[in-house]
Amino acid sequence: MTDVVALAAELLAIQSSTGSESDVVEFVSRWLITRGWSVELQEVTKGRANVWATHKGNGVTLSTHLDTVPPFIPPREADGRLYGRGSCDAKGIAAAMLAAADRLSKSGEQRVDLLMLVGEEQGSDGARAANRLPATSKYLVNGEPTESKLASGAKGSQRVTLRFRGRAAHSAYPELGKSAIMPMLELLPTIGRLDLPSDPVLGDTTVNIGTIRAGTAGNIIPELAEVELMFRLVGDVKPVKKMLEKWVGDRAEIEYGSYIPAQKSHTISGFEVAPVAYTTDIPLLTKWGKPLLFGPGSIHVAHTPDEYIAVDELRSAVDAYERITRSLLVA
């Protein structure tokens, strides 16, 4: 019987921020091979690979990601919690899925696959690549911290860069230049006036001003200012783009970045159900079956210095993933 807490701690002890997942990929693939799984490594970029483990297929795929945000924070256990970078997002989830799938396999259930992905924290290149694999599963159970609830859906996302142009000049002679920062300062405070769409399940579309980059020195009129926005989508992105373009007008250039659509998820009885506001890999894994979203831990502590997962909840997640899988296999 796999000790899921010990397995999670082993995963947490491996630094695997996005772009540096090779060591954790090797650990997971070896762990599966020694337990009799057929394992395929799908190279995503040089030195980075997704892990696909299977027996018979044609059933349920349990999937999450192995990469984390930086910086690396080593594991420690205290007060009934397992701390460390990735403890809830999502190495604790990966450990629970591995333990549940191996338990199912040992019981004779061969219709379970595991798909462990790279790159989720920065653009989801692992999921995009995985959708090219010859998947056979009928259901996809994706793992993100949902507080052990089945998610009714997840918001999508649209990254946007606004680029304001000016003309550089010596700051002693401002009439010779044109500030790129001033129009940015005039526009951004009005972002709250956008009448963004809402959805009865997923709630409101939201927007975050994530980064601002502008100017080069205090004595130079700035010729360039850039702002990165992140929209959390609850439906079609087209009305949001139309609203954004009308709001910006000719004051800035608009560059659209990565886009992930909003997603409604399948649910089953016996679990509490609630929507989540963050983006997942599910919309990029369309070939892997009808999606469900479930995981132990809270997104509210993910990406923080004190990220943790409750040990009891982590242990319960193994049983939950087994129960979800068995329910889907008889559906």
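In which sense do S3 and S7 pair, and over how many bridges? The close-ups below, taken from a predicted model, start there.

**View 1. Strand S7 and its pairing partners S3 and S17.** S3 and S7 run parallel, paired over four bridges. Within this pairing, threonine 61 has leucine 140 of S7 as its bridge partner. S7 also pairs with strand S17 (residues 290–293), again in the parallel sense and over four bridges. Here tyrosine 139 is bridged to lysine 290 of S17.

**View 2. The two faces of S7.** In a regular strand, side chains alternate between the two faces of the sheet. Tyr139 and Val141 point one way from S7. Leu140 and Asn142 point the other way. Both pairs are buried.

**View 3. The largest nonpolar core, with 57 residues.** Leu32, Leu62, Leu114, Met116, Tyr321 and Ile324 touch the most other members. Elements that each supply at least two residues include helix H1 (4–12), helix H2 (22–33), strand S2 (48–54), strand S3 (60–65), strand S6 (112–117), strand S7 (139–142) and helix H7 (311–329). Helix H3 (91–106) is another such element. H3 gives the largest share, ten residues.

**View 4. The surroundings of tyrosine 321.** Leaving aside residues up to four places away in sequence, tyrosine 321 touches Leu62, Ile93, Ala96, Met97, Ala100, Val141, Gly143, Phe294, Gly295 and Pro296.

**View 5. A second, separate core.** This core has 21 residues. Among them are Leu187, Ala225, Phe231 and Val240. In soluble globular proteins, nonpolar side chains tend to be buried together.

Conventions. Residues are numbered from 1 along each chain as its sequence is written. This is a predicted model: local features need pLDDT of at least 70, side-chain atom pairs count only at pLDDT 80 or more; totals for chains, interfaces and linings use all residues. Side-chain values use heavy atoms; hydrogens and water are left out. A nonpolar core is a set of buried Ala, Val, Leu, Ile, Met, Phe, Trp, Tyr and Cys residues joined through side-chain atoms within 4.5 Å. Buried means under 20% relative accessible area, exposed over 50%, partly exposed in between (1.4 Å probe, protein chains only). Contact means heavy atoms within 4.5 Å. Two strands pair if DSSP finds at least two bridges between them.
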